[in-house]
Amino acid sequence: YQGLAGRSTNEVLQLYAAHGQQMKLQTSSVVTQLHGAIKKRLRQDLKSLRSFALEISKDFQRQSKTFLYQVLAAVQGIQLQNEAMQMFQIKAFDLEQSLQEVTERYEKEKQKRKALHNSLIELRGNIRVHCRIRPLLPFDDAAGHSVSQDRQRNFSEKAAYAADDETILVKCSRPGHASVNKTFQFERVYSDLESQDAIFADVAPLLTSLLDGYNVCIMAYGQTGSGKTYTMLGPQLEGNLAFAIEEESELGIIPRATQEVFRLISEKPPGSYWVEVSVVEVYNNEIFDLLAKDSYGKVSGVKRDVVTTREGKSDVPLLTHETVENASEFLHLVNKGLQLRVTHPTLVHAHSSRSHLVVTLTITTVVFGDNFGTLWEDEQTSQRLNKEASCIFPQKMRDSKSTSSSRASSPVQLEATEKMKQVKTRLQLVDLAGSECVGMSGVTGAALRETSFINRSLSALADVLGAIAEQRAHIPYRNSKLTHLLQDSVGGDAKLLVMLCISPGQKYLTESMQSLGFGTRARQVQRGQVKKKNFPVPSKGK
Ligand code: ADP
Ligand code: MG
């Protein structure tokens, strides 16, 4: 400012402007320099950024290519797998179909084989044996043996199974030994799950042959508590020997067979068939007529005897035969008779029956003359004949029914009435007494006597079967009242079905094996062809 002193304002302003100009020039050159440097730096950065981006994009392209290949390979793999899967599905479907076809064919063949087997049985006069395993029940656990707790537990285990519907498998295990499996074959084996319905379904066809002129006998064999009475009659009423009629689905073979017989009869011309019933108990080798009435008309078991008629048939003279019109009449009658059954509680089962029960249905068929049978197809004639049959015939028959004897002995009876014939066929339903050994039940005294009678009668039955099997000239029917009474059924004239009843528990192994042995021997018996009653005209469908 000293330089400015004394100068005019104009000069000062000029000087000042020149100074500003200079300053301006200096600043702009610095800015230009800075700008150039920044530009250069930016260009470098951009370049390296570009090359970095290029690198990244190349890398990305490479990687995505690899991934794409991988994805493609995976997709191809999946496609291949899908195709293979489809192939497998097709194959599985084919296999399933052919399996179904084979199963169907197998079922058909099985049915055919069964039918052939049945015909073979009939031709040879074989005895059919079916085997039913009952379920394990609470009383199987109850103590009743002098065995240790440990063995007791083992004892209540299951030892008998149905391997298939013709094979029973028994696991035989003894302490200290490896268990051995034994199998037995029968015409049919029922598992513990099979119902009374299923059992009856196999019995029903036999009943059809009853009306076609064959005698039929169904008997239950097995130790006490194995389900014989349950199978034959149904569950027993508490503390009573009668059975529960109300529980339809639980009914056993005897009530169902009766219902079926009446159903079959209802399809025939009315009045051409009628049914009589007898109920007999074999106790301590004595025969009791459970339908006999005392002088007051009350049912009281009366002792009867069994004889052999001149024709070589067995017969019980004076045995009560009651005519029944329907199944419920029959059931009430049998239940009344059953209340007389003699029993003794053993340690095995409190309500065991210690006697053999034989319920017999005698079916009488009225057939008219030589050719009348064919005329039954004709409505009018049928009606006329039915009228005759129900007017003349049954009247005469029924009047004499209760005291009649020896009727069972002459199955084909020719009555005096011209052209009228009556044919009798018989359905015997037998609930045998328990087959256990004496030691097993721990019985003494009177009960021991009972047991020994039971054992003797059952071994007599086995002896008879043995003698028939060996075709011996003498068959020892008369060694026991039981075999004498059942002679015609066991000896060859009837279609015979033995229903083996098996308790599944390990502790009953000895008894079960004994029953299975009996059944196996019974199956092998050949009695010659089962005979058909001599109907004048063959019935329909035969
Ligand atoms: P058994 O006549 O051989 O001495 P039961 O028929 O009296 O034997 O049967 C003994 C017990 O087992 C009875 O209480 C009976 O109801 C029961 N029982 C038998 N078989 C069966 C079964 N298949 N299902 C259910 N309970 C059964
Ligand atoms: Mg019984």
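Colleague: Which of the 15 residues around ligand 1 come nearest?

Modeller: Before the answer, some housekeeping. This is a predicted model, where local features need pLDDT of at least 70 and side-chain atom pairs count only at pLDDT 80 or more, while totals for chains, interfaces and linings use all residues. Residues are numbered from 1 along each chain as its sequence is written, chains are lettered from A and ligands numbered from 1 in the order in which they are written, and side-chain values use heavy atoms, with hydrogens and water left out.

Now, the nearest ones are G225, G227, K228, T229 and Y230; a residue is near a molecule if one of its heavy atoms lies within 4 Å of it. Sorted by type, the shell has four nonpolar, eight polar and three charged residues (Ala, Val, Leu, Ile, Met, Phe, Trp, Tyr, Cys and Pro count as nonpolar, Asp, Glu, Lys and Arg as charged, and the others, Gly among them, as polar). Helix α4, residues 228–232, gives the most to this shell: three residues (helices are DSSP runs of H or I with at least four residues, strands are E runs of at least two, and both are numbered from the N terminus).

Let's look at the polar contacts, pairs of N or O atoms within 3.5 Å. From an oxygen atom of ligand 1 to a backbone N or O atom of G225 is 2.6 Å. A polar backbone atom of Y230 is 2.7 Å from a ligand oxygen, and for G227 that kind of distance is 3.1 Å. On its own, ligand 1 has 550 Å² of accessible area, and the protein covers 82% of that (Shrake-Rupley method, 1.4 Å probe).

While you're here, peek at the rings. The whole structure holds one aromatic pair, meaning Phe, Tyr or Trp rings (for Trp, the six-membered one) with centres within 6.5 Å; planes under 30 degrees apart count as stacked, over 60 as edge-to-face and the rest as tilted. Y221 and F518 have ring centres 3.8 Å apart and planes at 5 degrees, so they are stacked. Y221 sits in strand β6 (residues 215–221) and F518 in helix α13 (residues 509–524), so this pair links parts of the chain that are 297 residues apart. Y221 is buried, at 2% relative accessible area (buried is under 20%, exposed over 50%, partly exposed in between, with a 1.4 Å probe and protein chains only). F518 is buried too, at 2%.

Notes. Polar contact = N/O pair within 3.5 Å; in protein donor to acceptor, adjacent residues only side chain to side chain.
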